[in-house]
Amino acid sequence: MGADKLQEILRIGKDMLSLPVRLLDGVEETLRQLYETGRFRLVLATKGDLTDQYRKIRESGLENYFHRIEIMSYKNETEYAGLIKTLHIQPDEFLMIGNSLKSDILPVAGLGGKCIHIPYEITWIHEESAAQVDYPGFHRIGSIVEVVKILV
């Protein structure tokens, strides 16, 4: 790969790191409703570059809804088990809501946690999974606003 191509890749990466945060429809309203019930400890579990993830969280304006923010190196059973231990709860008291079967749903299901899958039209190829999930603690919904109907 030539120096020009490498410079272009670096420029694109830097541009991506400065893109504004755009919330999906219903996210803030749903978090507010769940938070205001006082029944839940909301935890944001995400992965990625530490600096970029914190920037996105700050710019989102959502950080005050969360009891804890966890930026993970990997989203796998080991990491989720550590998070569950840190929260001083049992796996069946943990509910994961996410768009990735591979990183959000399957590891938590493997631990015996509850899961809500919200598919999104854009998913990283490394997050795709052909696995089928079907057990009592699993729900698949079309929008985050449906979470309130399930939990409240």
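Is Lys56 buried, partly exposed or exposed, and at what relative accessibility? Lys56 counts as partly exposed, at 31% relative accessibility. By the convention used here, buried means under 20% relative accessible area, exposed means over 50%, and partly exposed lies in between, with a 1.4 Å probe and protein chains only.

Colleagues, a word on the source of these values. This is a predicted model, in which local features need pLDDT of at least 70 and side-chain atom pairs count only at pLDDT 80 or more, while totals for chains, interfaces and linings use all residues. Residues are numbered from 1 along each chain as its sequence is written, and side-chain values use heavy atoms, with hydrogens and water left out.

Let me begin with the overall architecture. The protein chain has 6 helices and 5 strands; helices (H or I, at least four residues) and strands (E, at least two) are DSSP runs, numbered from the N terminus. Their order along the sequence is α-α-β-α-β-α-β-α-β-β-α. The C-alpha trace spans about 55 × 35 × 30 Å along its principal axes. Of the 152 residues in the chain, 30% are buried. Contact means heavy atoms within 4.5 Å. Among contacts between residues at least 6 apart in sequence, 54% join residues at least 24 apart.

The accessible surface of the chain comes to about 10,100 Å², and 54% of that area belongs to carbon and sulfur atoms. Accessible areas come from the Shrake-Rupley method with a 1.4 Å probe, and for residues only the protein chains shown count as cover.

I turn now to charge. The chain carries 18 positive and 22 negative charges, whose mean positions are 2 Å apart. In this count Lys and Arg are positive and Asp and Glu are negative, whereas His and the chain ends are not counted. Each charge is placed at NZ of Lys, CZ of Arg, CG of Asp or CD of Glu.

The structure holds 8 salt bridges, a salt bridge being a side-chain nitrogen of Lys or Arg within 4 Å of a carboxyl oxygen of Asp or Glu.

Lys56 pairs with Asp52 at 3.6 Å, N to O. Both residues belong to helix α3 (residues 50-60), where they stand 4 residues apart, about one turn of the helix. Asp52, at 12% relative accessibility, counts as buried.

The next pair is Glu36 and Arg32, whose side chains meet at 2.9 Å, N to O. Because these residues are 4 apart in helix α2 (residues 27-37), about one helical turn separates them. Glu36 is exposed, with a relative accessible area of 55%, and Arg32 is partly exposed at 27%.

What is the distance between the closest N and O atoms in the salt bridge of Asp104 with Lys75? The closest N and O atoms of Asp104 and Lys75 are 2.6 Å apart. Asp104 lies in helix α5 (residues 101-111) and Lys75 in the loop between β2 (68-72) and α4 (77-86), so this pair ties together parts that are 29 residues apart in sequence. Asp104 is buried, with a relative accessible area of 4%, and Lys75 is buried as well, at 13%.

Thr46 is part of strand β1 (residues 43-47) and counts as buried at 16% relative accessibility. Beyond residues up to four places away in sequence, Thr46 touches Gln53, Glu70, Ile71, Met72 and Lys75.

Helix α5 also contains Val108, which counts as buried at 1% relative accessibility. Neighbours within four places aside, Val108 is in contact with Tyr80, Phe94, Met96, Gly113, Lys114 and Cys115. Its C-alpha atom is separated by 23 Å from that of Gly38, 70 residues away along the chain.

Finally, two features of the surface. Met1, Leu6, Ile9 and Leu10 form a nonpolar patch with about 440 Å² of accessible area together. Patches are made of residues with over 30% relative accessible area and no salt bridge, with like charges joined within 9 Å and nonpolar side chains (Val, Leu, Ile, Met, Phe, Trp, Tyr) within 5 Å. Ile9 lies in helix α1 (residues 3-17) and is partly exposed at 46%.

His88, in the loop between α4 and β3 (95-98), is exposed with a relative accessible area of 72%. Although His88 is not a glycine, its phi is positive, about 60°.
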